[in-house]
Amino acid sequence: MTSILHFPVYIILLMLLNAVLIPTIYKEFNERTKYQIIGTIFISWILSFTVLASVMKNGYFIYNFGNFHQSIGIQFLVDEFSAMMTFVIISVALLIIVYSIKDMEHEIDKSQFLSYYTLIF
């Protein structure tokens with residue numbers, strides 16, 4: 001159970017990390033970029049499903065950032081509603097990315113391709 005407590009933070013960090021890395025590392029869209037985008041969303045989807053299953057089974061949990069006392073630290077409360085909404089939003093993002101990659105290759109210029117997918121992250 002303790003490792004599942006970190007999963008919501010991993011989801012946020014994974015998305016933010018890729019939102020910064022993809023436009024800076026890759027100058028053009030290629031197969032490796034495509035697999036990294038889909039892989040990131042898929043890993044986030046698996047993490048959000050695991051969090052949802054854990055919350056439905058064990059109830060809500062609270063994640064404290066920095067191990068500070070809650071009056072001065074930042075708390076992250078994960079309940080049934082927030083876990084379900086995270087799962088739904090990431091599922092929709094995964095479907096959008098999978099179905100739009102082939103279509104977007106013919107619609108827009110290759111130089112703008114990565115900026116559109118950065119918006120999803």
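The text below describes a predicted model.

## Overall layout

The chain contains 4 helices and 2 strands. Their order along the sequence is α-α-β-β-α-α. Helix α1 covers residues 7-25 and helix α2 covers residues 31-58, while helix α3 runs over residues 80-107.

Of the 121 residues in the chain, 34% count as buried. The accessible surface of the chain comes to about 7,800 Å², and carbon and sulfur atoms supply 67% of it. Among contacts with a sequence separation of 6 or more, 68% are between residues 24 or more positions apart.

## The nonpolar core

The largest nonpolar core has 19 residues. The members that touch the most other members are Ile-41, Val-51, Val-55, Val-78 and Ala-83. Helices α1, α2 and α3 each supply at least two residues of this core.

Val-51 is one of these members and is found in helix α2. Its relative accessible area is 5%, so Val-51 counts as buried, the limit being under 20%. Which residues does Val-51 touch, leaving aside those up to four places away in sequence? They are Ile-4, Phe-7, Pro-8, Phe-61, Val-78 and Ala-83. Of these contacts, Val-78 and Ala-83 are also listed with Val-51 among the core members that touch the most others. Val-51 can also be placed relative to Asp-79: the two residues are 28 residues apart along the chain, and their C-alpha atoms are separated by 9.6 Å.

Ser-48 lies in helix α2. At 1% relative accessibility, Ser-48 is buried. Not counting residues up to four places away in sequence, Ser-48 touches Ile-11, Thr-86, Phe-87 and Ile-90.

Ala-93 lies in helix α3 and is also buried, with a relative accessible area of 14%. How far apart are Ala-93 and Trp-45 in sequence and in space? They are 48 residues apart in sequence, and the C-alpha to C-alpha distance is 9.2 Å.

## Aromatic rings

A pair of aromatic rings is described by the distance of the centres and the angle of the planes. In this chain the count comes to 5 aromatic pairs. One of them joins Phe-7 and Tyr-10, with ring centres 6.1 Å apart and planes at 45°, and this pair is tilted. Phe-7 and Tyr-10 are separated by about one helical turn because they are 3 residues apart in helix α1.

Phe-42 is partly exposed at 41% relative accessibility, and Trp-45 is partly exposed at 26%. Phe-42 and Trp-45 also belong to a cluster linked by ring pairs, together with Phe-49 and Phe-87. Phe-87 of this cluster is among the residues touched by Ser-48.

## Surface patch

Which residues form a nonpolar patch on the surface? The patch consists of Met-56, Met-84, Val-88, Val-92 and Ile-96, with about 410 Å² of accessible area together. Helix α3 gives the most to this patch, with 4 residues. Met-84 is a member of the patch and has its place in helix α3. The relative accessible area of Met-84 is 34%, so Met-84 is partly exposed and passes the patch requirement of over 30%.

## Accessibility of selected residues

The table collects the relative accessible areas given above.

| Residue | Relative accessible area | Class |
|---|---|---|
| Ser-48 | 1% | buried |
| Val-51 | 5% | buried |
| Ala-93 | 14% | buried |
| Trp-45 | 26% | partly exposed |
| Met-84 | 34% | partly exposed |
| Phe-42 | 41% | partly exposed |

Notes: Residues are numbered from 1 along each chain as its sequence is written. This is a predicted model: local features need pLDDT of at least 70, side-chain atom pairs count only at pLDDT 80 or more; totals for chains, interfaces and linings use all residues. Side-chain values use heavy atoms; hydrogens and water are left out. Patches are made of residues with over 30% relative accessible area and no salt bridge: like charges are joined within 9 Å, nonpolar side chains (Val, Leu, Ile, Met, Phe, Trp, Tyr) within 5 Å. Accessible areas come from the Shrake-Rupley method with a 1.4 Å probe; for residues, only the protein chains shown count as cover. A salt bridge is a side-chain nitrogen of Lys or Arg within 4 Å of a carboxyl oxygen of Asp or Glu. Buried means under 20% relative accessible area, exposed over 50%, partly exposed in between (1.4 Å probe, protein chains only). A nonpolar core is a set of buried Ala, Val, Leu, Ile, Met, Phe, Trp, Tyr and Cys residues joined through side-chain atoms within 4.5 Å. Contact means heavy atoms within 4.5 Å. Rings of Phe, Tyr and Trp (its six-membered ring) pair if their centres lie within 6.5 Å; planes under 30 degrees apart count as stacked, over 60 as edge-to-face and the rest as tilted.
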